Amino acid sequence: QVQLVESGGGVVQPGGSLRLSCEASGTIFSINAMNWYRQAPGKEREFVATIGRGGRPNVRDSLVGRFTISRGNAKNAMYLQMNSLQPEDTAVYYCHAEVVINLYGSTWNGWGQGTQVTVSS
């Protein structure tokens, strides 16, 4: 079993910054990819950013320059640095990961519980 736990959400004024964290724990052989998604009220969940095993990041085009995704030194952690936040960034941010759980290559895909980010003056 694998667990994903997000942290770092909160309330910030427009133009401010937040750093979200996601840590994976449990039966982990390796992690293929870790991803951030977000869901604003009344909207569908949308892709924010992804980072693969080799550390290559990919951020949603509209967020490039403001959002940065990175992996931790322990490789089971992922971060989302969000700068110049705007009210439209208000959403629940979810961590998602594809985890290899054994030597046979079996994978687990799952989500964290989400962390609320509110951008408001």
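This report describes a disulfide and the surroundings of one threonine in a predicted model.

## The disulfide

The structure holds one disulfide. Its partners are Cys22 and Cys95, with a distance of 1.9 Å from S to S. A disulfide is a covalent bond between the sulfur atoms of two cysteines. The angle about the S-S bond is -65°, and the link of Cys22 and Cys95 is left-handed.

The link connects distant parts of the chain, as Cys22 and Cys95 are 73 residues apart. Cys22 belongs to strand E3, which covers residues 18–26, while Cys95 belongs to strand E9, which covers residues 91–100.

## Burial of the two cysteines

Cys22 has a relative accessible area of 1% and therefore counts as buried, the cut-off being under 20%. For Cys95 the relative accessibility is 0%, so Cys95 is buried by that cut-off.

Thr90 sits in the loop between strand E8 (77–82) and strand E9. Strand E9 is also the strand that holds Cys95.

The side chain of Thr90 has a polar atom 2.9 Å from the backbone oxygen of Pro87. A polar atom of the Thr90 side chain also lies 2.9 Å from the backbone nitrogen of Val119.

Key
Residues numbered from 1 in each chain as written. Predicted model: local features only at pLDDT ≥ 70, side-chain atom pairs only at ≥ 80, totals over all residues. Heavy atoms only, no water. Disulfide = S-S within 2.5 Å. Helix = DSSP H or I, 4+ residues; strand = E, 2+ residues; numbered from the N terminus. Buried < 20%, exposed > 50% of the residue type's maximum accessible area, 1.4 Å probe, protein only. Polar contact = N/O pair within 3.5 Å; in protein donor to acceptor, adjacent residues only side chain to side chain.
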